[in-house]
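This report describes charged side chains and their pairing in a predicted model.

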Amino acid sequence: MLGFEDNIRGKKGKSKIIMLTAYDYQMAKILDEVGVDLILVGDSLGMVFQGCKDTKSVTMDAMIYHTKAVARGAKKTPVIGDMPIHSYATVETALKNARRFLEAGAKGVKIEGNKPEIIRALIAADIPVMGHVGLLPQTAKAYKVRGKTLKEATQIFQDALEIDGYGAFSIVLECIPESLAKRITENVKAPTIGIGAGRYCDGQVLVINDMLGFDESFAPKYLKRYADLNKIIKNAVKRFMEEVYSGAYPDKEHTYH
Ligand code: KIV
């Protein structure tokens with residue numbers, strides 16, 4: 001029987017792959033019902049859920065808590081667990097933690113950067129791995145586009161080729177020039193999934209809170225907002241406050257008799 005990774009691989013060059021992040025049951029259920037290809041429990045939850053300045057303090061326990069909630073909502077969509085910083089420092093810890101993700105309901109894990117020993121060991125243990133090159137938030141000193149110099153672009157290209165060679169089922173390309181993403185996409189077997197990497201990737205991923213417009217102050221160039229939930233939520237809360245103050249709510253219709 002073909003695994004979900006074969007389905008994702010099979011889309012390369014045929015149809016675009018859609019991945020979105022989710023951190024809770026209800027959002028996962030919505031994404032599942034709409035029919036995205038993959039749901040990533042990203043360590044971006046450190047920022048959008050926990051309110052930290054980056055992803056560097058996200059723990060395995062937090063990732064497992066959110067993965068379990070997401071997996072309950074994602075009835076048919078494969079869930080990918082993002083291995084947080086320090087969770088794959090050695091082959092032994094990587095295997096132990098990746099298995100925790102699978103037990104929590106994930107179908108595979110994502111690893112930041114070119115980690116030959118770790119990625120090979122996970123794949124050898126039948127754990128599907130999604131690679132990630134370009135901007136790597138767990139180790140980045142600054143959040144900016146990567147691969148603009150020839151040296152950096154060559155390194156990112158080489159890393160993507162190697163991760164492809166280890167057998168990753170897909171590779172996230174984060175914040176790199178479109179031309180570099182195109183060259184990688186054309187030269188790897190695994191589908192590429194871009195965020196801030198332009199049009200030529202095999203798929204696209206966004207952080208769900210960002211694309212739904214929760215935080216008006218977060219506005220990187222690549223981000224398109226598909227909804228303005230910040231405004232919608234504020235308006236709903238203001239209406240609720242007004243109606244409670246005026247006595248319009250609760251009315252007869254919303255009261256037990
Ligand atoms: O943590 C995350 O949400 C990610 C995506 C942006 C790819 O790594």
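## Salt bridges and surface charge

Aspartate 32 and lysine 76 form a salt bridge in which the closest N and O atoms are 3.7 Å apart. This pair links distant parts of the chain: aspartate 32 belongs to helix H2 (residues 25–34), while lysine 76 sits in the loop between helix H4 (60–73) and strand S3 (79–82), 44 residues apart. Aspartate 32 is buried, at a relative accessible area of 4%, whereas lysine 76 is exposed, at 61%.

A salt bridge also joins aspartate 61 to arginine 100, with 2.9 Å between the closest N and O atoms. Because aspartate 61 lies in helix H4 and arginine 100 in helix H5 (residues 91–103), the pair ties together parts that are 39 residues apart in sequence. Aspartate 61 counts as exposed, with 52% relative accessibility, and arginine 100 as partly exposed, with 28%.

The whole structure contains 10 salt bridges, including those tabulated here.

| Salt bridge | Closest N and O atoms |
|---|---|
| Aspartate 32 – lysine 76 | 3.7 Å |
| Aspartate 61 – arginine 100 | 2.9 Å |
| Lysine 231 – aspartate 228 | 3.6 Å |

In the pair with lysine 231, aspartate 228 is partly exposed, its relative accessible area being 30%.

Which residues gather in a patch of negative charge on the surface? The patch consists of Glu242, Glu243, Asp251 and Glu253. Of these, aspartate 251 is found in the segment after helix H10 (229–246). Aspartate 251 has a relative accessible area of 32%, so it is partly exposed and passes the requirement of over 30% for patch residues.

Note on methods: Residues are numbered from 1 along each chain as its sequence is written. This is a predicted model: local features need pLDDT of at least 70, side-chain atom pairs count only at pLDDT 80 or more; totals for chains, interfaces and linings use all residues. Side-chain values use heavy atoms; hydrogens and water are left out. Patches are made of residues with over 30% relative accessible area and no salt bridge: like charges are joined within 9 Å, nonpolar side chains (Val, Leu, Ile, Met, Phe, Trp, Tyr) within 5 Å. Accessible areas come from the Shrake-Rupley method with a 1.4 Å probe; for residues, only the protein chains shown count as cover. A salt bridge is a side-chain nitrogen of Lys or Arg within 4 Å of a carboxyl oxygen of Asp or Glu. Lys and Arg count as positive and Asp and Glu as negative; His and the chain ends are not counted. The place of a charge is taken as NZ of Lys, CZ of Arg, CG of Asp or CD of Glu. Helices (H or I, at least four residues) and strands (E, at least two) are DSSP runs, numbered from the N terminus. Buried means under 20% relative accessible area, exposed over 50%, partly exposed in between (1.4 Å probe, protein chains only).
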